[in-house]
Amino acid sequence: MTKRYTVTMFVAAPGTPLKSGGTSAAGHVYYVISDGEKKASYGFAPSEHGASSGPGKVYREDFDNYLSPLYQRKLEITESQYERLKEFGGNPQPHGFSMQYPGAT
């Protein structure tokens with residue numbers, strides 16, 4: 001059987017409830033990739049919770065932490081696209097992505 005690869009983009013609005021407690025102050029955007037068997041979640045936000053800018057980091061638990069996001073869109077992708085998104089999500093800096101979170105700028 002052929003594997004089906006997908007990417008789902010999520011938008012959590014300000015006020016989205018969090019599994020860890022409280023709500024999202026500013027909202028959040030993240031993506032989840034799947035190979036049909038396992039899922040991996042990737043989001044980027046400030047390293048310091050509550051900061052609006054500064055050093056950032058990749059968060060791997062957004063799919064579990066953001067409850068009832070406002071919007072989600074699933075797309076079927078190729079295995080090559082899946083691997084690229086996995087590589088980028090795990091370590092975006094070598095791909096030219098700044099690990100500084102710019103806030104609303």
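What follows is a conversation about a predicted model of one protein chain.

Biologist: What makes up the protein chain in terms of helices and strands?

Modeller: The protein chain holds two helices and six strands. Along the sequence they come in the pattern β-β-β-β-α-β-α-β.

Biologist: What share of the residues counts as buried?

Modeller: Of the 105 residues, 31% count as buried. The accessible surface is about 7000 Å², and carbon and sulfur atoms own 53% of that area.

Biologist: How many charged side chains are there, and how far apart are the centres of the two sets?

Modeller: There are 11 positive and 10 negative side chains, and the two centres lie 3 Å apart.

Biologist: What is the order of the strands in the sheet?

Modeller: The sheet is open, has six strands and runs S5-S1-S2-S3-S4-S6, with antiparallel pairing. Strands S5 (71-77) and S6 (100-101) each have a single partner strand, so they stand at the edges, and one side of each is left without a neighbour in the sheet.

Biologist: How do you know that S1 and S2 are paired?

Modeller: Two strands pair if at least two bridges are found between them. Seven bridges join S1 to S2, and the two strands run antiparallel, so by that cut-off they pair. In one of these positions, Val7 stands opposite Ile33 in S2.

Biologist: Which strands does S3 bridge to, and with how many bridges?

Modeller: S3 (residues 39-46) has four bridges to S4 (residues 54-59), and five to S2 (residues 28-34). Both pairings are antiparallel. On the S4 side, Ala45 is partnered by Lys57, while Gly43 stands opposite Tyr59.

Biologist: What makes S2 and S3 mostly covered?

Modeller: In S3, seven of the eight residues are buried. In S2, six of the seven residues are buried. The hairpin of these two strands has four residues between them, and Gly36 there takes a positive phi near 95°.

Biologist: Why is Thr6 called buried?

Modeller: The cut-off for buried is under 20% relative accessible area. Thr6 has 14% relative accessibility, so it counts as buried. Thr6 belongs to strand S1 (residues 5-12). Leaving aside neighbours within four places in sequence, its contacts include Val32, Ile33 and Ser34, as well as Lys74, Leu75, Glu76 and Ile77.

Biologist: Why is Gln100 called partly exposed?

Modeller: Partly exposed lies between the 20% cut-off for buried and the 50% cut-off for exposed. Gln100 has a relative accessible area of 47%, so it falls in the partly exposed class. This residue is in strand S6.

Biologist: Which residues does Gln100 touch, not counting those up to four places away in sequence?

Modeller: Gln100 touches Phe44, Gly54, Pro55 and Gly56. Gln100 and Arg60 are 40 residues apart in sequence, and their C-alpha atoms are 17 Å apart in space.

Biologist: What makes Ser68 exposed?

Modeller: Exposed means over 50% relative accessible area. Ser68 has 64%, so it is exposed. Ser68 sits in the loop between helix H1 (62-65) and S5.

Biologist: What is phi of Ser68 near?

Modeller: Phi of Ser68 is near 55°, which is a positive value in a residue other than glycine.

Biologist: What share of the contacts with a separation of 6 or more comes from residues 24 or more positions apart?

Modeller: Residues 24 or more positions apart account for 59% of those contacts in the protein chain.

Methods. Residues numbered from 1 in each chain as written. Predicted model: local features only at pLDDT ≥ 70, side-chain atom pairs only at ≥ 80, totals over all residues. Heavy atoms only, no water. Buried < 20%, exposed > 50% of the residue type's maximum accessible area, 1.4 Å probe, protein only. Contact = heavy atoms within 4.5 Å. Areas by Shrake-Rupley, 256 points an atom, 1.4 Å probe, with all protein chains shown as cover. Lys, Arg positive; Asp, Glu negative; His and termini not counted. Charge placed at Lys NZ, Arg CZ, Asp CG, Glu CD.
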